[in-house]
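Please open the model in your viewer and keep the sequence at hand.

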Amino acid sequence: MTAFTEIPILDISLSHDPETKPQFLTSLRHALVEVGFLYINNYGVPDSLTQEVIRQSRRLFDLPIEEKLKIEMKNSPHFLGYSRLANEITKERIDWREQIDLATELPAPGRDEPRYRWLRGPNLWPSDEALPGFKETFTEYIERMSKVSMEFTGLVAESLGLEATAFDKYFDSDQQHKLKIVKYPDVGELGKDATGQGVGPHKDSMLTSYLLQASEHDGLQVQNSEGEWINCPPLPGTLVVAIGQGLEALTRGVCVSTTHQVISPPAGCGPRFSVPFFQGVSYDAKFAEMDLPPHVLALKNKLRSNKDDVEMTFKHSMFDHIGEATLLNRVKSHTDVAERWYPDLLAEVKKRKELLRGLSTQSVAPVTAN
């Protein structure tokens with residue numbers, strides 16, 4: 001097997017026809033095992049809704065800063081709300097993006113529930129006076145994308161020789177899914193201190209995510225097994241699907257979660273916009289590897305034990321529940337939220353970081369032969 005050089009495109013409508021579904025599942029299995037990224041089209045969301053999502057996304061960032069700060073994420077223990085430019089960190093470097101995090105609308109958990117369940121909770125919405133129709137548009141989009149993601153996960157299971165319902169046990173009956181609306185300013189707007197890192201190299205969490213590239217800018221890049229960055233340009237009528245670390249862990253590495261990054265647009269090109277939807281899983285779930293058929297396990301691509309250096313979030317030896325890993329990851333990325341709501345976890349993260357930094361700078365004594 002050789003390293004991929006392009007991102008495959010799959011037509012979801014082919015999975016609805018018994019005559020074309022077998023070939024579709026074969027193509028999907030190839031994308032899962034060898035790439036970890038794919039485009040999908042004909043996925044069932046009306047173009048009229050997609051265009052309204054794009055329009056409302058741009059309007060959000062045109063609001064006065066005073067309006068945006070009313071819904072700032074640091075006011076939410078659920079890590080939902082608006083984040084200022086350069087307020088998030090990936091691989092210890094600033095991500096030059098401005099964004100809002102939204103989710104399936106749910107009430108806050110009780111005080112007696114496990115702490116990681118505080119990742120679930122209500123949104124901080126812009127007022128209807130400031131952005132008429134915004135809440136309704138994104139509530140509908142999240143609902144529709146929730147159905148798209150569940151259908152796609154069933155197709156993933158079938159492509160691996162499992163029942164379509166194989167992943168159902170990892171979802172809550174009132175599952176909360178998440179979504180970001182992101183603006184990446186061009187480097188000319190950012191000033192001399194900007195690095196051009198829109199978002200640094202990373203792998204998505206959970207099972208699957210679905211990116212609507214809401215402007216014509218390039219910038220999304222995916223890393224293959226040779227360490228090369230492959231462009232993933234916007235294609236009209238498509239979403240970009242990324243396989244998450246959770247799906248890789250559950251399938252014992254058969255499905256691959258692939259490192260990707262976003263480069264800031266060049267000066268004078270204007271901002272890049274994107275709307276990624278992240279399929280949620282139950283935070284109470286434990287990672288028990290799935291019982292895959294031998295012929296599926298044999299598909300594991302050794303090349304993809306690869307040359308990227310992004311650490312897996314989900315490690316069986318470190319966490320009992322998915323929620324514990326997810327909460328710690330959010331604390332690392334959003335330190336302003338953590339300072340207010342999770343100071344003890346932030347202190348633990350900083351302590352671990354200092355310990356690792358100390359170990360990396362220690363010199364190794366030479367070995368002397370007797």
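The model shown is predicted. Begin with arginine 120, which lies in the loop between strand S6 (98–103) and H4. Is this residue buried or exposed? Its relative accessibility is 16%, and because buried means under 20%, arginine 120 counts as buried. Display the side chains next: that of arginine 120 makes a polar contact with the side chain of aspartate 172, at 3.2 Å. Setting aside residues up to four places away in sequence, arginine 120 touches His78, Leu106, Ala108, Pro109, Asp172, Asp174, Gln176 and Tyr283.

Now select histidine 177, in the loop between H4 and strand S7 (178–184). With 3% relative accessibility, histidine 177 also counts as buried. Its side chain reaches the backbone nitrogen of glycine 280 at 2.9 Å. Beyond neighbours within four places in sequence, the contacts of histidine 177 include Ser146, Ser149, Met150 and Phe277.

Finally, select helices H2 (residues 47–62) and H4 (residues 134–159), whose axes come within 10 Å and cross at roughly 130°. That angle makes H2 oblique to H4. The crossing of H2 past H4 is left-handed. To see the contact, show Leu49, Glu52, Val53, Gln56, Ser57 and Leu60 on H2, together with Phe134, Thr137, Phe138, Glu140, Tyr141 and Arg144 on H4. Coloured by class, the residues of this contact divide into 6 nonpolar, 3 polar and 3 charged.

Terms used. Residues numbered from 1 in each chain as written. Predicted model: local features only at pLDDT ≥ 70, side-chain atom pairs only at ≥ 80, totals over all residues. Heavy atoms only, no water. Axes fitted to C-alpha atoms, helices over the stretch in contact; angles between N-to-C directions. Helix = DSSP H or I, 4+ residues; strand = E, 2+ residues; numbered from the N terminus. Parallel < 35°, antiparallel > 145°, perpendicular 65-115°, else oblique. Left-handed = near helix turned anticlockwise from the far one by under 90°. Contact = heavy atoms within 4.5 Å. Nonpolar A, V, L, I, M, F, W, Y, C, P; charged D, E, K, R; others polar. Buried < 20%, exposed > 50% of the residue type's maximum accessible area, 1.4 Å probe, protein only. Polar contact = N/O pair within 3.5 Å; in protein donor to acceptor, adjacent residues only side chain to side chain.
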